Amino acid sequence: MKKILAVLLLILVSLSLYAETYNVKIRNADLVKARDKYIVLEGHVVLELTTDGSNSDKQTRTLTADRIEISSENKEIVATGNVSLSAADLRDYTGDSIVFNWDSLDLMVYNGNSSIDRKSSGTNLVFYLDGEEVSYGGGDDGPIIMSGVSLATRENDPYWSIKADNIAVLESDFVFKNALIKLGRVPVFWLPVLYYPNTRLAINPAVGISGTKGMFLNTTFEVYGRYPAIWEKSTTSTSSSSSDSSDNASSAAFSALSLLSNEEDGVMIRDGIIYRPAKDNEEYSGLQKWAQDTSSYLAVTADAYANYGLALGFDTLNNLFDKKLKLQSRGVLAYMPEPALSYYNPLRYALDVSGTYKNNKTTFTFSVPLISDPNVKTDFYNRNTDFELDTVLGNEATVPTTNKKVSKYTISASLNTSFEFLSQKFSLSTLKTELTYEWDSSDYAYSLSTEVLPELNASLSGSIFNLRKETSQEEKTTYSNDLAEEYLETYRKLNESSSTSEEEKKSLSTDYEKIRNKILLFRSSDTDAEVSTYSTSFSDTSTKSDSYGVSLDYKANGYVKREAINDTLYLKANGNINLKADSPLDIISLTETITPEYVYNKEDKETYPVSKDFKITSSLKASSDLLGLSYVQNISLYKYKFSKDVETIQSFKWEKDYFTAHSVEFSKSLTSSFSFSVKQQLKPLDLINTPSLTFKKGVFTITGSTQMYLEEDLLFKKGKANLSVIQKDSNYEFKITDTYDFSKDGWLGNTLVQSLSLSFFDSNLKLTESLTLESDFKYKSLDLGVSWKKNYVKFKFSDYQFIAEKMTVHLDYSVDPLYFWENRIGVEASFSADYDKEFSNIYGSSLKFNFGLNFEIYEFLSLQLKTTSANTSFYRYYDENENFSLPLMLQDLLKSFDFFGNGRKSTGFNLSSMSLKLVHYMYDWNLNIEAKASIASDSDGKYWSPEVKVYVQWNAIPELKSENKLVDEEWEK
């Protein structure tokens, strides 16, 4: 017994001396033989190999066999007979024999089977391996080489499998040699070499078939940086399952870029043409580091099309000088031996160069496109960047349609900047030049149609002199009332309710609003400011800045636009000169603004090609806050106009036509709630006196005013009077305004406008109403509105009769999912509709609605139905007296369900489009049935165009599909 223990101790010591990577424990052995550096274990041998490191970093492998030979000199373990290896990265691997080198961590298994766990898009997959020889190189991160191997997702009788002479797995990329894909026992597809990239590739191939381009190959190579067309699309479009259910484990479909992979976590490092997960503290260096830091990239493209020829291109974005300079460019050069249009040149090209420079207050931008023909971008800029295999089997690829036909393009450059010198500020908001080219279908070339040289918009402003002084004073007003303490306590709780539940917060907010409204209604000030301190009173503190003295400022604006091709020139120059004088404490202030403006317009016309306008206006305002007086005068000082070869000059005269405003006004607050004003319009304008009185208390505001005209006999004549009452709160607003015209007799001069707005349930429900009465309070119009979130109904009644004019109804409703049978069956429905009705026009009504239904049986079936319908023929439902008839509409609705007769061909309820998708889930594959139908039109009129697809889709490689399609009553493969 002691001898056996000594031998076991010798084994542990020897392995510890010769290998720092693994510690080996012999859990069981019937017989132990040891000689020098060679040990033989026989009979139910169990070895446990554990890596060095902390408990969290340790990895343990358990090896069992009938016989195990350990050579500390060769650093190898050879196991034979009923061999089984269990590890963290592998399930139980069984085979005839296993050779393990604990120095290089190489592992060789003969005639065995195993399984690999992979996760993608939240779905776990188990792949079962069966091979003659399997070599694991360098531990967990090393390559896996398999000979004579088969791969499947079901251990016994798999629905599908891949058999290959060799399979190489580097990290998570798969390379198959002589790969045979089988459905059950039936071979369905063979490839001499199949490379399936799981890690991100810097070179990205996309194979497909397009209806117009034919068979194509799009390749994209990232020279530096990350090309957004690849990265953004792949991260947003990774398919999860056919039913769009993330928790449906049976639908394990995912994109080719993540096939058989573990999900990528953390930073991906560019290593040659692939991206691999970054190691500890690993970062980019050199060009890649600069590209990552500046979000720059350069991608080179090389494409081949069966019908469109060859194309070479590039796409780049470079951010330089701390991202102040942004240069972006994209181009393509294509050779199309047989152009789709005979007048196109076989050599086609497109180039787009643009840039932006921003530095402090200066921005310079330019854009220079160069295009050979209108369709070159549509043909060669719209390309695929996804790695797809389904198109190899004959399925048509979906090509992006981002770039459209270019009938004209513009070369432009613009600059805007601003700077200051000697208290003067210069601003160049626009300095732009443009060259616009339009496609000439007669010459089959682009020609210059517009030349803008230049377009300029600039301003200059500053102060001629400034003799002003600045003062500041602090004002504090305190208001006390009985509700102050309760208000402040509620306000404090509301602002300190970070740990309060949503229900408690909502209750506090309601209490706060109620108390606040009471305070606003009864307190002695109309100031609605929040408190800054917590006490038993309201304190409003403000700092008022004041300036007084005299200043003279100016501002000049200039705008010029020249179109050389059309021989047009537009010039506009204007500005203002401001004279401002103030006394301390706002006893009196005066502002005078002189505004000159000049406009010159020359157009490409034979008659009257030139027009000129020059005018000078003046605006004067004088006011005294102490006295409550203000004086306003707006006049035209000078006008010059040259048009149709005729000159007119007008200089200022004290006449009505030269004044736009001339008045004096007295305004004063009588109390904290009452304010009074009198406005007198002065000669040479009509003498109009308008007194006004305003009462404001809490949520109420009442304003009354009247107009009085001073006649030549110095007697006042009443004009119009206004009275308005407003009550406004957070949840409602009521307003009523009555205007009376004294020039009309009796009650005929009244015009009353009343409106009401109510909000309920956190403003989700809103009710609105507006009523107008005029001429002896006769009804004129009534508007009603009801809205619930996004749903609304509006009614309008007008034309002096209570007749609805127009109604708009919008409904957008989704039924909450319903689940049955222990939540394994789910149903979800959605409905949206828009109904417009014009009551006075029987041809102005329409109805549009959409319906969607999703039905799913977990891990078994998914059904999606979508329909779109429209009816613009409501005029059919009116009788001889033009009265709407509901029975006529219902009869027409029944016709729309007559699928076996001619009823559905004569109804106004037309089904515009319909789609149905059914997916039957299996463990390894899904059966898909898709049906689409829509209204199409040709020279013979409109017709119903159906399309049906039936295909089988393998979950692990969803791009491999066997598909049949029914188009125009014929099946296509």
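These are my notebook entries on a few spots I looked up in this structure.

**Ground rules.** I'm working with a predicted model, where local features need pLDDT of at least 70, side-chain atom pairs count only at pLDDT 80 or more, and totals for chains, interfaces and linings use all residues. Residues are numbered from 1 along each chain as its sequence is written, and side-chain values use heavy atoms, with hydrogens and water left out.

**Entry 1: helix H3.** I began with H3, residues 286–294. Helices (H or I, at least four residues) and strands (E, at least two) are DSSP runs, numbered from the N terminus. Which residues of H3 are buried? I noted Gln288, Ala291 and Thr294. Buried means under 20% relative accessible area, exposed means over 50%, and partly exposed is in between (1.4 Å probe, protein chains only). Looking down the axis of H3, I found its buried residues within an arc of 145°, so they line one face of the helix. That arc is taken from the directions from the helix axis to the C-beta atoms. Their cover includes strands S14 (214–224), S15 (268–271) and S18 (309–320).

**Entry 2: the cores.** Next I looked at nonpolar cores, meaning sets of buried Ala, Val, Leu, Ile, Met, Phe, Trp, Tyr and Cys residues joined through side-chain atoms within 4.5 Å. The largest has 36 residues, and those touching the most other members are Leu41, Leu47, Leu63, Ile68, Ile70, Ile77 and Met146. Apart from that core lies another of 17 residues, with Val332, Tyr344, Phe380 and Tyr381 among them. I then picked Leu47 and skipped its neighbours within four places in sequence; its contacts include Val24, Ile26, Leu41, Leu63 and Ile77. Contact here means heavy atoms within 4.5 Å.

**Entry 3: salt bridges.** How many salt bridges does the structure hold? I have 18 in my notes. Each is a side-chain nitrogen of Lys or Arg within 4 Å of a carboxyl oxygen of Asp or Glu.

- Arg67 and Glu69 pair up at 3.0 Å, N to O. Arg67 is partly exposed at 28% relative accessibility, and Glu69 is partly exposed at 23%. Together with Glu42 they are linked in a network of salt bridges.
- Glu455 and Lys432 meet at 3.9 Å, N to O. This pair links distant parts of the chain, 23 residues apart: Glu455 is in strand S24 (residues 445–479) and Lys432 in strand S23 (residues 424–440). Glu455 counts as buried at 12%, while Lys432 counts as partly exposed at 24%.
- Arg468 and Asp582 have their closest N and O atoms 2.4 Å apart. Here the partners are 114 residues apart, with Arg468 in S24 and Asp582 in strand S26 (residues 568–582). Asp582 is buried at 15%.

**Entry 4: Glu930.** Buried or exposed? Glu930 is buried, with a relative accessible area of 15%. I found Glu930 in strand S47 (residues 925–938). Past its neighbours within four places in sequence, Glu930 is in contact with Leu916, Lys917, Glu947, Val948, Lys949 and Tyr951.

**Entry 5: a surface patch.** Last, I listed a nonpolar patch on the surface: Leu811, Tyr813, Val815, Leu818, Phe820, Trp821, Phe831 and Phe851, with about 770 Å² of accessible area together. Strands S41 (803–814) and S42 (818–820) are the elements giving two or more residues to the patch. Phe820 sits in S42 and counts as partly exposed at 44% relative accessibility. Patches are made of residues with over 30% relative accessible area and no salt bridge; like charges are joined within 9 Å, and nonpolar side chains (Val, Leu, Ile, Met, Phe, Trp, Tyr) within 5 Å. Accessible areas come from the Shrake-Rupley method with a 1.4 Å probe, and for residues only the protein chains shown count as cover.
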